[in-house]
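Subject: Model for your files

Hello,

Here is the structure I said I would pass on. My notes on it follow below.

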Amino acid sequence: MKLQFGIGNGYEEVDVDERNLISVLQPGSLPSHPDEQKILLKALSHPIGTDRIQDIVHPGEKIAIITSDISRPCPSWKILSAVVKELTDAGIRDQDMTITFALGSHRKMTAQELEHLVGADVYHRIACRNSDPDDTVTVGTTSRGTKVEIDRTVMAADRRICLGNVEYHYFAGFSGGAKAIFPGCSTPASIAMNHRWMIDQDSYAGSLDDNPVRQDIEEAASLTGVDFIVNVVLNPDKEIVYAACGDVQKAHRDACRYLADSYACRIPHEADIVIVSQGGYPKDLNLYQLQKALDNARHAIRQGGTIILVGSAAEGFGNALFEKWMLSGKAPKQMLSDLHRNFVLGGHKAAAIARVREKADIYFVSQMDPSVVEKTMLKPYASLDKAYADALARYGDAASVIAMPYGGSTLPVTDPE
């Protein structure tokens, strides 16, 4: 069977015998052209684990609404129109609401970007601001030793409402839920303390209740007091197809279940060889972006197998700190140990690749300089044909293969025997 994998604006093709092929994993299908406001209003009217917003807030209270920054796909302007109406109907004045954008470790946004994210009407009615990592209060320390420092304005409010979208997150399990307030409204030091748990074996996409990163996030949020969340699931066109509102954990889990039912790709067992790409431009511009597809492929490969990663990486590594760690010459186990002791954003992507490399070899079909790739944990290849031929020679003619042409959007899940 001829299989195609996007690379840049083109593709690489390989012939895989159908006897070897376990599955070709494709992104799940979600509804198109939904009635987004109807979905939101239904969820707001039937919260999970809490009362409705109008029964939680009281006139005169200060309300902090926390939502995602411009680097994330959350359609804040759609959600805010419904949430602000709920608050207004409950007697909350515009001047008593503040919308804070959870920057996490990202840059501050411009006034134009703030207006774009909330819409002109809300922007000119309600104060909008970036979270400020330089003006925080310490609300406590988690049982894992994470000092929880949260934006002062957010903590000064009487009520906190968190918005977000739910998608797979490669070490926090899923996005959304408590992540809006922590690490979203925290400091680099607090974020680093939390993210260092990403090297744990239970910190992976789709993992929640046993995930130390997620557990730490939710313990931190419990120290801040989150009164209500609105989480949405989006289809590939970034339209809202599902919403869950209410308790910071219960509503989040409900949205996660919906996403998992729609997107998880069932496989009977792990394969000897996994071929994966991001689907081409622009998702494969650099290795930093390609890491997400590689991490998802980790769930389809057996211990000691080989992952063939296909992506142009025309812009190289894509991040200076990531490049430094990738070229450090450290063995995967040493890299993971060093980053757990001294976590560095940028280095965390290298740690994620090191975790994959501990399980499997990684052949990298790309446009990167082979002499540079050879200095990393990856083995360079100029063509998919050659990479596959070498992998097949290693495991024999009966080698099992899983193909993931859109690796960033497919999460393999092994069916229980």
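Valine 233 has tyrosine 242 in S13 as its bridge partner. The model is a predicted one, so please read the notes below with that in mind. The strands S12 and S13 run antiparallel and are joined by six bridges.

Both strands belong to an open sheet of six strands with mixed pairing, in the order S6-S5-S4-S9-S12-S13. The edges are held by S6 (127-130) and S13; each of these has a single partner strand, so one side of each has no neighbour in the sheet. On average, and ignoring direction, neighbouring strands here are turned by 20 degrees against each other.

Two helices are placed against this part of the sheet. Helix H1 (residues 36-45) packs on the sheet and touches S12 and S13. The direction of H1 makes about 20 degrees with that of S13. Helix H9 (residues 250-263) lies across S12 and S13, and runs at about 155 degrees to S13.

The loop between strand S12 (228-234) and strand S13 (240-246) contains lysine 238. Phi of lysine 238 is positive, near 65 degrees, and the residue is not a glycine.

Alanine 313 sits in the loop between strand S16 (301-310) and helix H11 (320-326). With a relative accessible area of 1%, alanine 313 is buried.

There are also cis peptide bonds to note. One runs from phenylalanine 182 to proline 183, with omega near 10 degrees. Proline 183 is in the loop between strand S11 (173-174) and helix H7 (188-195). Another cis bond joins tyrosine 281 and proline 282, and its omega is about 0 degrees. Proline 282 falls in the loop between strand S15 (271-277) and H10.

Helix H10 (residues 287-297) packs with helix H13 (residues 347-359) at an angle of about 35 degrees, the axes being 10 Å apart. The crossing of H10 and H13 is left-handed. On the H10 side the contact is made by Leu287, Tyr288, Gln291, Leu294 and Asp295. H13 contributes His348, Lys349, Ala352, Ile353, Arg355 and Val356. Sorted by class, this contact of H10 with H13 has six nonpolar, two polar and three charged residues.

Regards

Key. Residues are numbered from 1 along each chain as its sequence is written. This is a predicted model: local features need pLDDT of at least 70, side-chain atom pairs count only at pLDDT 80 or more; totals for chains, interfaces and linings use all residues. Side-chain values use heavy atoms; hydrogens and water are left out. Axes are lines fitted to C-alpha atoms, for helices over the stretch in contact, and angles run from 0 to 180 degrees between N-to-C directions. Helices (H or I, at least four residues) and strands (E, at least two) are DSSP runs, numbered from the N terminus. A crossing is left-handed if the near helix is turned anticlockwise from the far one by less than a right angle, and right-handed if clockwise. Contact means heavy atoms within 4.5 Å. Ala, Val, Leu, Ile, Met, Phe, Trp, Tyr, Cys and Pro count as nonpolar, Asp, Glu, Lys and Arg as charged, and the others, Gly among them, as polar. Buried means under 20% relative accessible area, exposed over 50%, partly exposed in between (1.4 Å probe, protein chains only). Two strands pair if DSSP finds at least two bridges between them.
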